[in-house]
Amino acid sequence: ARRELNDIDRATEFYEAALECFFSQGQSIPVALRESCMKAFADLGRMLSQSGRWKELEQGYRRMIRRMDPNDPAAGELWHGLGTVYRRYLGHRDSAISSFEVASALDDKRLTRHRILVDLYEESGAERAEEAIKRRQRLLRDEPLVAAHYKALRKLYAITKQYDKAWCACRALAYLGQADEDEMRYLNSRRQQFEWPTGTLD
């Protein structure tokens with residue numbers, strides 16, 4: 001077992017040295033070397049993952065991010081990978097959130113990252129409820145007919161005491177035919193104050 005650990009240590013040093021040779025910090029990877037560079041990092045990541053060396057994998061991602069031009073097309077994937085390590089293996093929720101926020105900012109169209117952030121925000125409770133709301137609203141722009149978003153928003157609006165918006169979420173669910181008994185009860189209990197008066201005004 002000790003020999004195996006020593007072999008992994010030597011292999012890690014080899015990969016890191018090779019990656020340092022591919023490009024200087026802050027420089028774009030030369031096109032001719034891009035495939036070899038990314039393959040070397042992928043191989044390093046696979047080896048560390050298979051041996052359960054999550055802290056070293058986190059450090060590897062961080063070194064790779066520091067080496068790379070922030071505008072490089074691969075930067076988003078690296079931040080995503082770092083966030084995954086924090087979330088799944090190290091249990092560092094706040095660090096995972098920070099990593100996925102960067103990854104999401106680099107590619108706003110990747111809805112998977114928005115969904116991951118929604119989960120992380122909601123796991124954090126009331127302190128990140130507003131952030132969860134904003135991220136759900138972002139998902140609604142591309143998924144306006146997904147009832148799960150309205151159900152989640154109804155709860156988040158209730159947590160943040162935005163009761164009028166909670167009612168609107170229930171109304172959307174009723175329109176979609178997805179409102180449950182509690183949501184219909186809430187909708188009906190507040191319906192009168194949202195309805196326009198009928199008849200003539202004195």
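This is a short walk through one protein chain, from the whole fold down to a few residues.

First, the ground rules. The model is predicted, so local features need pLDDT of at least 70, side-chain atom pairs count only at pLDDT 80 or more, and totals for chains, interfaces and linings use all residues. Residues are numbered from 1 along each chain as its sequence is written, and side-chain values use heavy atoms, without hydrogens and water.

Now the fold. The protein chain has eleven helices and zero strands. Helices here are DSSP runs of H or I, at least four residues; strands are E runs, at least two; numbering starts at the N terminus.

Next, packing. Of 202 residues, 41% are buried. Buried means under 20% relative accessible area, exposed means over 50%, and partly exposed is in between, with a 1.4 Å probe and protein chains only. Take contacts, meaning heavy atoms within 4.5 Å. Among those with a separation of 6 or more, 53% join residues 24 or more positions apart.

On to helix 9, residues 163-176. Just after helix 9, glycine 177 has a positive phi of about 75°.

Last stop: serine 98. This residue sits in helix 5, residues 93-106. Serine 98 counts as partly exposed because its relative accessibility is 42%. Leucine 82 is 16 residues away in sequence, and 9.9 Å away in space, C-alpha to C-alpha.
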